[in-house]
Amino acid sequence: MTFVVGENCILCKHTDCVAVCPTNCFYEGPNMLVIHPDECIDCKLCVPACPVDAIYADDDLPKDQHEFLSINAEMAQIWPNISKQKAPLEGAEQWNSIPKKRDLLKR
Amino acid sequence: MAAAQPIASNYTPTSRATELLKTVANGKYNRQIITGLTKFMDGNVPDDMRAFYTSEELRSLVALRGTQRDVEARMPVKVTRHYFELAKTSHALQTLVKASPKETNDLGGAPDPGKQMDYSPVEGLIHKYELGLIYVASTCSAHCRFCYREELIAQKEVERPDGTFAPKGLAQVGEIVAYIQEHNRIVAANGGRHPKTGREKLREILMSGGDPMVLSNTNIATWWSALADAGIESIRLGTKELAFFPDRFDESFFDMADKFHTAYPDTNIRLMIHFNHPDEFLERDASGNYIPEPRGGLKWVPATKRAIEAIGRRAWISIDNQAPIINGINNDPDALRIMQRELRRNKVENHYFFCGRDIIGHKAFNVPIEEAWRILNESQKGLSGVETHARLSITHYKGKTEVSAVTNDPLPGVPGGENGFVVLKLLRSAASAPDRGKVCLVGRNPRAIWFSDYDDRVLYDEAGLFKGSSKATAQYGQERSPALVSPMERVKQEAI
């Protein structure tokens with residue numbers, strides 16, 4: 001199993017998850033974070049840490065977000081590792097829970 | 001669920017630690033973990049793992065979901081590819097890692113019979129003896145079904161000293177460093193003993209969890225350097241990773257460890273490893289037999305051997321094994337004999353074997369105290385002196401207690417001693433040092449699994465293990481009202 005960063009991270013990128021991750025398995029893109037599925041240790045700590053509830057266990061991932069499984073796996077190979085918390089993206093609060101953000105994902 | 005705190009908040013590393021951390025790199029690990037029974041039920045596991053649970057086993061486990069007997073709610077299910085490979089042909093290892101309805105057949109026991117929470121002055125720290133235990137991770141690579149930290153692993157809500165309910169939190173570097181420094185300052189200012197608790201300097205910290213080896217190298221180095229800078233002389237790290245995922249001990253780990261040793265040459269690292277059964281580290285042939293090496297000893301699993309040799313080459317790292325004796329896993333003198341011999345041959349000291357705790361949901365794993373002593377004693381027959389350093393220990397509220405001997409003959413003229421007696425010896429008093437070495441004799445009760453089972457047959461109690469009622473002690477966790485007394489206050493009251 002792995003945990004998966006879902007759609008609501010896009011354009012928010014709060015990075016609280018990064019600070020609690022024991023294994024440092026988050027990777028950072030221009031406007032979203034992802035989890036490396038091989039490196040995730042299934043501790044769940046990032047789920048409550050995320051202020052916008054963007055992270056799911058793969059078994060609990062909403063059906064309409066299924067594509068984020070492969071987005072996480074794929075982008076974790078390409079984007080750089082992030083191990084320290086930083087400020088969220090500007091406008092993060094306004095983008096929280098806005099539907100259909102996935103079209104705005106920058107790879 | 002409450003959000004975890006970042007491990008390094010409110011902490012500024014020293015310049016020495018900062019220099020070290022700049023040079024540490026993280027490794028990449030693919031443990032191929034399978035978490036949860038749903039994956040097995042949906043067939044959402046690699047083909048060769050599908051038969052790990054039979055469909056009948058899965059059916060009986062699923063039937064318990066959502067009930068009081070839900071085994072996954074008691075303890076999450078998790079296995080690595082490496083451990084699966086070892087376990088698929090080992091009944092003992094399957095019992096260790098596979099969920100079973102037996103776990104929740106009998107829900108008797110106390111939530112916290114050793115009363116660990118009473119020794120917690122700071123979130124994530126248990127301060128006993130001259131040793132502090134810190135919870136630095138809330139998970140492991142795989143999960144032992146008999147784990148007694150299931151409330152931490154499962155993130156169950158426990159009652160806090162202030163009366164609220166929240167999951168047990170993890171230790172934070174800044175808070176732990178501040179506590180150590182303050183405790184040691186008071187001890188130093190008072191001639192070597194804490195004026196209230198009588199405790200000595202905190203010299204040693206045990207990093208536990210969960211398994212600290214799930215942390216990245218940088219997180220481990222952050223803890224090690226912070227603890228060393230706070231004046232800790234020996235850092236213990238409790239891990240089962242040699243059994244679950246030995247490749248975690250890779251070049252990047254030793255690179256970090258060696259750099260740490262260069263920066264902090266006076267700080268010992270003590271690995272407290274956890275093998276329960278030789279199947280966890282020895283190769284077996286097609287008939288399931290261990291394979292003799294031409295020059296003596298038995299053939300190890302290559303990845304495990306590589307790791308243990310690399311650790312063993314570093315004189316400043318010691319390796320001690322400790323394990324509970326668990327029903328269906330290692331209540332087997334032959335397995336324990338082979339394990340003690342092979343570990344010692346490979347630089348691993350046999351430290352403790354433990355009696356299981358009388359915790360809710362643990363009846364299926366408990367081996368009676370006197371039977372555990374017999375098994376260990378039997379296993380040590382035919383071993384040399386250096387191979388038999390391990391003692392059988394049981395954790396009383398007062399401290400770590402050795403089950404030293406069990407006799408078969410009656411003790412003439414002593415009521416309660418008709419069937420022989422058990423010798424218990426206090427190894428370490430949790431609060432203060434002076435009680436070490438004191439003994440207690442109780443009449444035999446072959447079914448006893450906890451101190452309270454001897455309440456009616458105490459023959460001699462120099463150690464004070466049965467002062468008051470230990471029956472009350474065993475059930476104390478359910479009856480106490482922590483809202484009224486803080487853990488610190490309680491430790492002080494105990495000491496007075």
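Predicted model: local features only at pLDDT ≥ 70, side-chain atom pairs only at ≥ 80, totals over all residues.

Trainee: At what angle do helix α13 and helix α14 of chain B pack?

Mentor: The angle is about 50°, and the axes of helix α13 (residues 333-345) and helix α14 (residues 369-379) of chain B are 8 Å apart. Angles of 65 to 115 degrees would count as roughly perpendicular and those under 35 as roughly parallel, so α13(B) and α14(B) are oblique to each other.

Trainee: Which residues meet there, in α13(B) and α14(B)?

Mentor: From α13(B) there are B:Pro333, B:Leu336, B:Arg337 and B:Gln340, which meet B:Ile375, B:Leu376, B:Glu378 and B:Ser379 of α14(B). By class, this contact has four nonpolar, two polar and two charged residues.

Trainee: Now the two chains. How many residues of chain A are in contact with chain B?

Mentor: There are 18 from chain A, in contact with 26 residues of chain B. Both α1 (16-20) and α2 (46-49) of chain A supply at least two residues of the side that touches chain B. That side of chain A comprises nine nonpolar, four polar and five charged residues.

Trainee: And A:Ala87, where is its place?

Mentor: A:Ala87 is in the loop between α3 (67-75) and α4 (92-95) of chain A. Its C-alpha atom is separated by 7.5 Å from that of A:Thr15, although the two are 72 residues apart along the chain.

Trainee: Is A:Ala87 buried or exposed?

Mentor: A:Ala87 is exposed, because it has 9 other C-beta atoms within 10 Å, and 12 or fewer counts as exposed.

Key
Residues numbered from 1 in each chain as written. Chains lettered and ligands numbered in written order. Contact = placed C-beta atoms within 7 Å. Helix = DSSP H or I, 4+ residues; strand = E, 2+ residues; numbered from the N terminus. Nonpolar A, V, L, I, M, F, W, Y, C, P; charged D, E, K, R; others polar. Buried ≥ 20, exposed ≤ 12 C-beta atoms within 10 Å, placed from the backbone. Axes fitted to C-alpha atoms, helices over the stretch in contact; angles between N-to-C directions. Parallel < 35°, antiparallel > 145°, perpendicular 65-115°, else oblique.
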